[in-house]
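Here are some notes to read alongside the structure. Please keep the sequence open while going through them.

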Amino acid sequence: MRRSAGLILALSIALSAPAHAQTKDSLVVDLPGDVATMDPQIQWDTDSYSVYRNIFDNLLTRDTAGKIVPQVATAWRYTNDTTIVFDIRSDILFHDGSKLTPEDVVFSVKRITTPEFKSPQLSQFDQIIAAEVSGPSQVTLHTKTPYPALLAQLVKLSIIPKAYVEKVGDTAFNQQVIGSGPFKLKSWQRGVQTNLEANDAYWRGKPTFKTVTFRAVPDGATRLADLRTGRADLTRGLTPDDAVAMKSERGLKVQSVATERVAYLFVNALFGPTKDVRVRQAIAMAIDRDTLINALQQGYAKPVDIVLTPANFGYVTDIKAWPFDPARARALIKSAGAEGATVPFLTSPVYDRRLNEAVQQMLDDVGLKMTITVVDQPTYLKRRLGQPEESGSMSQGRWSCACQDADGVIFPLFRSGSAWSKFTNATFDAEVDAARATLDETKRMAHYHKAFEILHDEVPGIGLFQDEAIYLMKPNLQWQPTANEAFFVYDMKWAN
Amino acid sequence: MKHNRGITLVLILLAAFILAALAAPALAPFDPLRQSLLLRLKPPGSLVGTRQFLLGTDDLGRDLLSRVLYGARISLLVATTAVAVSLVVGITLGLIAGWFRGWTATLIMRLVDTMLSIPAILLAILTVAVLGPGFLNLVIVLGLTRWPRYTRVAYGQTLQIANLPYIRAAEMAGASTTRILWRHILPNIAGPMMVVATSEFGLMILFEAGLSFLGLGIQPPNPSWGAIMAAGRQYVERAWWLTVFPGACLFTLVVCVNLTGDWLRDKVDPRSR
Amino acid sequence: MGQLSSHLASRLGQALLASFGVLTIVFFIMRLSGDPTLLLVPEGATVEQINQLRHQLGFDRPLGLQFLSYLGDLARFDLGQSLVQRAPVLGIVAERIPYTVALAAGALVVALGIGIPAGIAMALWRGSLLERALSGFVLAGQSLPTFWSGILLILLFGVTLGWLPTSGADSLSALVMPSIALGAVTMSSFARMTRIAVLDELQSSYVTAARARGQSRLQAVRRHVLRNAAIPVVTIAALEVGNLLAGAVIVESVFAWPGIGQLAIQSIQSRDFLVVQAVVLFVSLVYVLTNLAADLAYAAIDPRIRAAR
């Protein structure tokens, strides 16, 4: 009986509370989905970390230029190829007033890397085999082998309070998180919205906003309507068509940033008509990158010649993509005897369907019959990551490793043995293996150059463009979004 | 008399839809699948070179008029097939339940209750998740979720008619069950069943549009009205024609079907006059 | 009374059996289409890491075993812990139920508030211009796809006129548009039902008698017809609850209304099995029980009507 009374009470409160009063001290953000979990270590999705990144500090972070800079760690040095020492700040307090110590850093690492904890993020940190406190303000991490992407991964490590988590337990921690970040969790109405309030004792200084509200609004058109009526101040994930329409709205500002996300086409090199390298090369020559960018992306994209963006380490500029040459493509397909062949394209609603259909037309123009199969995302992943026979001959991808390093992109996508890869090339494998086993950047670039040469000739994937993240906000909101799509409210403020 | 003129108009409109659907290849000015990425979102009446886009173009530059005509085919085909499947399955089970009664009826009607307890849309989403989308699976899903409605009505009607004297007489005269069900009972319940079928027809058209909205219906680039509207939804203000024209056709067709259903109901059940 | 309660008990038992059947069907369908592991991990995870997480979450056990384990939990009224949200399923679902209940109630208010008067008017003024206009209106409500009417409502009343909030569930005014979008179809059902019922009653003997005594049609309607025509309407109302819960799925999506319909779609898309099962269980129980209540109400009232004639 108490429960139903509580529900009735919640309902009447929910329905009678006035709409959120907006002032200069508050920020309202519309996101496509609600936070899955507040605990930063048990999920991996954009809507969750858009919120909790404001509650927690990370060991390292990136500045607006994309360079890795200190946050909880002030400095670091390698004592050998597999051991790295971090100096930890001593003036950081968690929201409950307790001090952030090296024990908390070690605890955060160990919690994720313990398999029994079932963290989906394990794969990002499992190269770390040991972590220990090595001084009053010092932490030492050990990796299995030399791991050049370690620092990039540590940008995503949120530091959580050991004492608090051990006291209340994991389930309660997820409901009532405590971090050391610029904002505290005030309330979380699951499925509806999250309310944050400023942490006035924040070590970097008081945040500009007193309150931040993240609202879950699944429908894109509704999010735009919210911005136009002033119900929200900021939203992300606009499509290029939305951006073009909103540009003419006087009361709103569109802001875009080139990200590390690469739009590419997967081409199956192990099964079907695309098994023949000539067919793959012909497909590469059938794609009109410029028209795709201008007509579909409305210019909100930068073309790339390889399956990587300039925002990632490892990007090479002197390898050019196959030129757009339908006549040559047709000839190549004829010589491969693949005229009229059926090319199954597997995709899900997550990926832009217009791109799929445009590609279908382009392939049709060179004599290939592409059939599009749309399944839902879980089924898509199951098939795409399954046997070469089930993953279709082609697919669209929008890949971001959130690490800004080629290792997080072409290693999982094309190295044999990876679930995503439908391609085997021993030389390529050797090159990407070598590139991840050394810390020397010059050596790594040389390996990646060779790797991309192979990818160019063998075409297991076709790089299309560097995706741009498009945000819509009130015109006087000052904020420079970053290439890794981090969402730090601390960096936002009203102009004047 | 006025009433008859009204229904004549509706039936003519319905026939026009069916004709348009059948003759789409002849009537459509362009290939509904042909894209022109540089002619995206052109308003109705646009003239480009020698090509006239009477209803405008969609977000991939395809002619909307042609897509709407072909869309009529798909909407009608999906709805007809789905209704046919669920009608056959539903009537059969209803007849059996109404004739044999006892445990058979209880089993069937409890199955009906179970099926009716699952929200149709959730069952559709789940089934498409397993079977995959596409025309055939869509029809299977729609057929599987709607048959209980026919069974309920068929069951009730069969119960009533089965007790009539001449049915009992036929049975005593040694007529086989199949013969009785087929020749005597079925024709008598045909009226109410047709009424259910017409209201279901309208619902199937809307349902297919709804599933396309969720991305689970007819697959691109095939132009079902629901799919065109779902894709055009984000351009509602800038390219209103993408939702208005297919929406108007959808609306008109469903209205005609519903009015036909009402007229049938009036004919079958004089109480509703 | 004894007969009624044993009848009630047997119908209740059958209703629960139906819900159990629903649960079983949904359980197996969901698991046949894969598990959430692939959706949970970051893009670069290796096959070994994926399999390890799958094993940790228990999705690699045989289906039959998973089903028995689930039934065991259910018997202890334990709906489980969502492996996607790492929180108790009961809490997740219970938080959303009031929103859908509010939406369904709002839709019913719209449907009854417009449908019944329309139905009565259509019956009393048959053949008039008013009836034709109302018939058109009722027809429109039945023929518009909710996702389309939803976004049009938002554009008209939210963006252009600014009268109503464009999204969310903050206030009572946010309930208006979703209720209209959802209630439109049900409104048509009620209008038609009421019209038929009123027409039927108008021909009955006691109405004729009342008119013979000098009462106007309106007076006769008020005294006798409404009371008697209310019964089929009440039965339909109970049945429409199930339809409303189903139709809420699309409306909640368009209007960002955080009810269980939206929860169901999101959970299916993220393969959050336990949440989907809990939602389906709830919806089917509601449907089955309201069905039962309608049947019983009709059975209880019906003999009295027959006696009154």
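This is a predicted model: local features need pLDDT of at least 70, side-chain atom pairs count only at pLDDT 80 or more; totals for chains, interfaces and linings use all residues.

1. Make-up of chain B. Chain B contains 10 helices and 2 strands. Going along the sequence, the pattern is α-α-β-β-α-α-α-α-α-α-α-α.

2. Extent and burial of chain B. The C-alpha trace of chain B spans about 75 × 50 × 30 Å along its principal axes. Chain B has 273 residues, and 50% of them are buried.

3. A sheet in chain A. Chain A holds an open sheet of 4 strands, in the order 4-5-7-6, and the pairing is antiparallel. Strand 4 (73-80) and strand 6 (128-135) of chain A lie at the edges, each pairing on one side only. On average, neighbouring strands of this sheet are turned by 20° against each other, with direction ignored.

4. One strand pair in detail. Strand 6 and strand 7 (residues 138-143) of chain A run antiparallel and are joined by 6 bridges. For example, A:A130 has A:H142, in strand 7 of chain A, as its bridge partner.

5. A helix on the sheet. Which helix packs on this sheet? Helix 3 (residues 102-113) of chain A does, and it touches strand 5 (83-88), strand 6 and strand 7 of chain A. The direction of helix 3 makes about 170° with that of strand 6 of chain A.

6. Where chain A meets chain B. Here 20 residues of chain A are in contact with 18 residues of chain B. On the chain A side, at least two residues each come from helix 8 (220-229), helix 9 (240-247), helix 11 (289-296), helix 13 (353-365) and strand 15 (369-374). Helix 13 of chain A gives the largest share, 6 residues. Sorted by class, the side of chain A that touches chain B has 8 nonpolar, 6 polar and 6 charged residues.

7. The nonpolar core. How many residues does the largest nonpolar core have? The number is 308, and the residues with the most contacts inside this core are A:I410, B:M204 and C:V279. Leaving out residues up to four places away in sequence, C:V279 touches C:V93, C:I260, C:L263, C:A264 and C:S267.

Terms used:
Residues are numbered from 1 along each chain as its sequence is written. Chains are lettered from A and ligands numbered from 1 in the order in which they are written. A nonpolar core is a set of buried Ala, Val, Leu, Ile, Met, Phe, Trp, Tyr and Cys residues joined through C-beta atoms within 7 Å. A residue is buried if 20 or more other C-beta atoms lie within 10 Å of its own, exposed if 12 or fewer, and partly exposed in between; C-beta atoms are placed from the backbone. Two residues are in contact if their C-beta atoms, placed from the backbone, lie within 7 Å. Two strands pair if DSSP finds at least two bridges between them. Axes are lines fitted to C-alpha atoms, for helices over the stretch in contact, and angles run from 0 to 180 degrees between N-to-C directions. Ala, Val, Leu, Ile, Met, Phe, Trp, Tyr, Cys and Pro count as nonpolar, Asp, Glu, Lys and Arg as charged, and the others, Gly among them, as polar.
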